[in-house]
Amino acid sequence: MLAIACVAFFGLTTTDTVNAAPAAAAGKTYAGTVYVSAMGGHFAVADVTIDPSKESPIIVNSLDKIDIGNSKTHPTHDPRIDAKNRNIMYWSTYKLDANNKVHVGASDLKTGKVIKDEAIDLDPRAKWTGALYCGSGQSNDFYIPLTMTDEAYIDVFDKKTMKLKHRVFLDYKPGETKFYHGTNTPDMKKFLVAVNLQTDGKLNGKIDLIMLDMKALESGKVKVLAKNTVTGEPGKTITFRQYFSTDGKLLFQSARDRMLVVDAKTLKVVDEEMVPSGENHDVMPTPDGKYAVLTLREAVGKTADGKDIMDGTSSCMM
């Protein structure tokens, strides 16, 4: 069972995604750099210290940002640091630009400059386009983002050129799913996809966890190695981004009203923790697997028609 502690998160208005360089344990504390995506076309860069013994365990030592565009052209949800070159970060955009293009690219973390920026078309099979790229993974040679469209799909981009090599659909019919998210195992031999299922256009609380063979995916093919369906609460439980433990044995999966810990071999849930408030959209374990850092979205106001305005305003440790 994981301990829970919640803190205000950076004071930023959007904290949809967290991706950290490997944090180094120093006694009972951790230190690292956290990259937080933003709908304004940038990433927040936070140097942090994590001390689990404190009431507010996440301490921001410094804060900066990396721009990739603006809120009209490059709203983004997912940074992915290259496994071999920690100075390169890949990204993809969440909305269409004025020319109905979606962007994928790479930035130099040392200079903050954009190295590549490719504007591409969505697939014509994507009829619902309210949300685009959100989660991603990688192999040695490919950057692999997934869409939240309907139909949803997995794209495979060459890291050197950022050119689209393959577009992969799974075996679902239009309307059966709501959002794909996924990531690679630490050894980059497998790729995990979380698929939220719907019944008559409504979330039914069921999530398919599918483990794919990476070599096949790199070739634009689907080879399923393992699959399991987990169940939460209809209308409330829905998966977003996830990370594996350093040893690859556990998957830490965000699921809106809860956080799931999944056995990476069987894809069965071994633990789940309900979030104390807000919506869990990201979870990343510390390198030793003793704690998990979660990002939460919470209601910060109301729209004119009375709907909640959700924003990333806090973080938790579990």
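These legends accompany several close-up views of a predicted model.

Residue numbers start at 1 in each chain and follow the sequence as written. Because the model is predicted, local features need pLDDT of at least 70 and side-chain atom pairs count only at pLDDT 80 or more, while totals for chains, interfaces and linings use all residues; side-chain values use heavy atoms, with hydrogens and water left out.

**View 1. The whole protein, as a starting point.**
The protein has one helix and 25 strands. Helices (H or I, at least four residues) and strands (E, at least two) are DSSP runs, numbered from the N terminus. Of its 318 residues, 54% count as buried, where buried means under 20% relative accessible area, exposed over 50%, and partly exposed in between (1.4 Å probe, protein chains only). The protein exposes about 13,900 Å², and carbon and sulfur atoms supply 50% of that area; the areas come from the Shrake-Rupley method with a 1.4 Å probe, and for residues only the protein chains shown count as cover. Among contacts between residues at least 6 apart in sequence, 47% join residues at least 24 apart. Here, contact means heavy atoms within 4.5 Å.

**View 2. Strand β13 and its two partners.**
Let us begin with β13 (154–158), whose five residues are all buried. Ile154, Val156 and Asp158 point one way from the strand, and Asp155 and Phe157 point the other way. In a regular strand the side chains alternate between the two faces of the sheet. β12 and β13 pair in the antiparallel sense over three bridges; two strands pair if DSSP finds at least two bridges between them. The bridge partner of Phe142 in β13 is Asp158, and a hairpin of six residues joins β12 to β13. β13 also pairs with β14 (residues 164–168), again in the antiparallel sense, over four bridges. In this pairing Asp155 has Arg167 as its bridge partner in β14. Five residues lie between β13 and β14 in their hairpin, and Met162 in the turn has a positive phi of about 60°.

Which loop holds Glu151? Glu151 sits in the loop between β12 (142–147) and β13, and it counts as buried because its relative accessibility is 11%. A polar contact of 2.8 Å joins the side chains of Glu151 and Arg125. Such a contact is a pair of N or O atoms within 3.5 Å; within protein, one must be able to donate a hydrogen and the other to accept it, and residues adjacent in sequence count only if both atoms are side-chain atoms. Leaving aside neighbours within four places in sequence, Glu151 is in contact with residues including Lys127, Phe169 and Tyr172. Lys159, in the loop between β13 and β14, is buried too, at 9% relative accessibility. Leaving aside neighbours within four places in sequence, the contacts of Lys159 include Asp82, Tyr90, Asp141 and Phe142.

**View 3. The largest nonpolar core.**
A nonpolar core is a set of buried Ala, Val, Leu, Ile, Met, Phe, Trp, Tyr and Cys residues joined through side-chain atoms within 4.5 Å. In the largest one, of 18 residues, Ile154, Leu170, Tyr180, Val193 and Leu217 touch the most other members. β12, β13, β16 (190–199), β17 (202–213) and α1 (214–218) each supply at least two residues of this core. The largest share, four residues, comes from β16. Leaving aside neighbours within four places in sequence, Leu217 is in contact with Ile144, Ile154, Val156, Val168, Phe191 and Leu212. Apart from this core lies another of 14 residues, among them Tyr90, Val102, Leu132 and Phe169.

**View 4. A four-stranded open sheet.**
The strand order here is β19-β20-β21-β22, with antiparallel pairing. β19 (242–244) and β22 (269–274) are the edge strands, each pairing on one side only. Three bridges join β19 to β20 (residues 250–254), and Tyr243 has Phe252 as its bridge partner in β20. Phe252 also stands opposite Val261 in β21, and Val261 in turn has Asp271 as its bridge partner in β22. How enclosed is β21 (residues 258–263)? Five of its six residues are buried, so β21 is largely enclosed by the rest of the structure. The hairpin of β20 and β21 has three residues between the strands, with Arg256 at a positive phi of about 65° in the turn.
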